[in-house]
Amino acid sequence: MQPVRRLESLFDWMQEPAVGAIVAAVTAEGAILRFVGGCVRNGLLGRPVSDIDAATDAPPEQVVTLLERDGIRAIPTGIEHGTVTALKDGRKIEITTLRVDVETDGRRARVAFTDDWAEDAMRRDFTMNALFLDADGTLYDPVGGLPDLESGLVRFVGDPEQRIREDVLRILRFFRFHVQYGRIGPEPEGLAACARLAGLLPSLAGERVREEMLKLLAARDPAPTVYLMREQGVLTPILPEARNLPCLSALATLTGSQEEADPDPLRRLAALISAGEDAGEGSGEAVAWRLRLSNAERARLLAMVTPAIDIDPAADAPARRRALYRVGADIFRDLVLLDWAQRRADQTNAVPDWVEGGYRVLLATAEGWTRPVLPVGGVDLLELGIPAGPKIGTLLKRLEDWWINQDFAPDREACLAQIQGWRDA
Ligand code: ATP
Ligand code: MG
């Protein structure tokens, strides 16, 4: 494999001592280790690199031995597919032995190890994901990924249809990488193959779909690609609940730029599956189940899709605080952004300034908010001589409602006096 060029300076992450130690351990007996995938792709684009993937010609068992010999933790993450995770000082590198997929069924592959770098490049999904980088900065490009990366074109390695039949997830990855790196395209042959084979999508495991969809939705502006996915018939098979593309579109312009720096994929998913009147609990539950969301994610998605409060951009300060108290600052913020996006999506003319201003005030209220605590508890009621039992709970609830309606102002003394008042009445 011929190098194409040498980096002028090494990427920051390549210079970390932990990365150097892992490379030194694996290559100590003459094996070769090269970085590959996202870390090389993003490094070349000057984008942040989160996880590091590498390839090596050493078999996985040997990788484990070499790492452990140097006191580096080796986790056999997917050892039957050749993947070992090296862990040192909080830095993680996924090291995968060069391989070819010898047998595939659209979901899993039986693999064979090889020492041929070009063969390993051929089993990778897109040309921009098959660039290899030596620890000294030498760059290899066996399948022509560099020009595609530079022009922003997501292109399958080899025949798109065959590559999708090997692993159907590549349909979703095609759109996900297009969202993140596409500046032209999408590449017509790849796109046509995705559309043709969309019927295979329901066979995918929920967790794999979830990972790609959440990464796609976390991009700065995923909406045009989501429209494209629907048009090509690849959205409905994985997410039949995705009805509200205009809301996603509006939310992305809110959250991808002005209102916050960090787009939230779950909130965008909520926008996509919400549909005002007829949304209902059903779609949130179905999506949470199908995408195997965690309990916390599921709860948040449902809270967004079936709101427990009405968002009103004209609400006065006490009403804003009441709403915040009901759902908490995080969900409140989600609901404000979603309502704002829906308003923009519904309105053919621009949303009036005072309404936009109202939403900004709502967000600002959530910013510095700390949840007030009812200054009286069950013990206080017992001390007032109220007998233990369900009455205590009922009284406390009544007191809380009263206290909320007084804008959380009554202190402990006032609360106790109020209870006395009710008893005397
Ligand atoms: P990121 O980590 O930023 O999401 P990545 O390119 O590192 O992007 P990973 O899912 O971590 O993506 O995969 C690492 C590399 O493994 C990819 O760059 C690609 O070369 C290869 N790869 C991953 N999944 C597949 C797949 N389904 N088919 C073919 N190759 C794949
Ligand atoms: Mg990666």
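User: At what distance from the ring centre of Trp422 does Arg398 lie?

Analyst: The model is a predicted one. Arg398 is placed over the face of the Trp422 ring. Its distance from the ring centre is 4.1 Å.

User: Which residue has its charged end over the ring of Trp289?

Analyst: The charged end in question sits 4.8 Å from the centre of the Trp289 ring. The residue that carries this charged end is Arg292.

User: Is the ring pair of Trp13 and Phe35 stacked or edge-to-face?

Analyst: The search of the whole structure gives 14 aromatic pairs. For Trp13 and Phe35 the ring centres are 4.9 Å apart. Their planes stand at 90°, which is over the 60 degrees required, so the pair is edge-to-face.

User: How many residues apart are the two partners, Trp13 and Phe35?

Analyst: Trp13 belongs to the loop between strand 1 (3-6) and helix 1 (17-27), whereas Phe35 is part of strand 2 (residues 33-36). The pair thus links distant parts of the chain, and the separation is 22 residues.

User: Is Phe35 buried or exposed?

Analyst: The relative accessible area of Phe35 is 1%. Buried requires a value under 20%, so Phe35 is classed as buried.

User: How many disulfides does the structure contain?

Analyst: A disulfide would need two cysteine sulfur atoms within 2.5 Å. By this rule, the count of disulfides is 0.

Methods: Residues numbered from 1 in each chain as written. Chains lettered and ligands numbered in written order. Predicted model: local features only at pLDDT ≥ 70, side-chain atom pairs only at ≥ 80, totals over all residues. Heavy atoms only, no water. Phe/Tyr/Trp six-rings, centres within 6.5 Å; stacked < 30°, edge-to-face > 60°. Helix = DSSP H or I, 4+ residues; strand = E, 2+ residues; numbered from the N terminus. Buried < 20%, exposed > 50% of the residue type's maximum accessible area, 1.4 Å probe, protein only. Lys NZ or Arg CZ within 6 Å of the ring centre and 35° of its normal.
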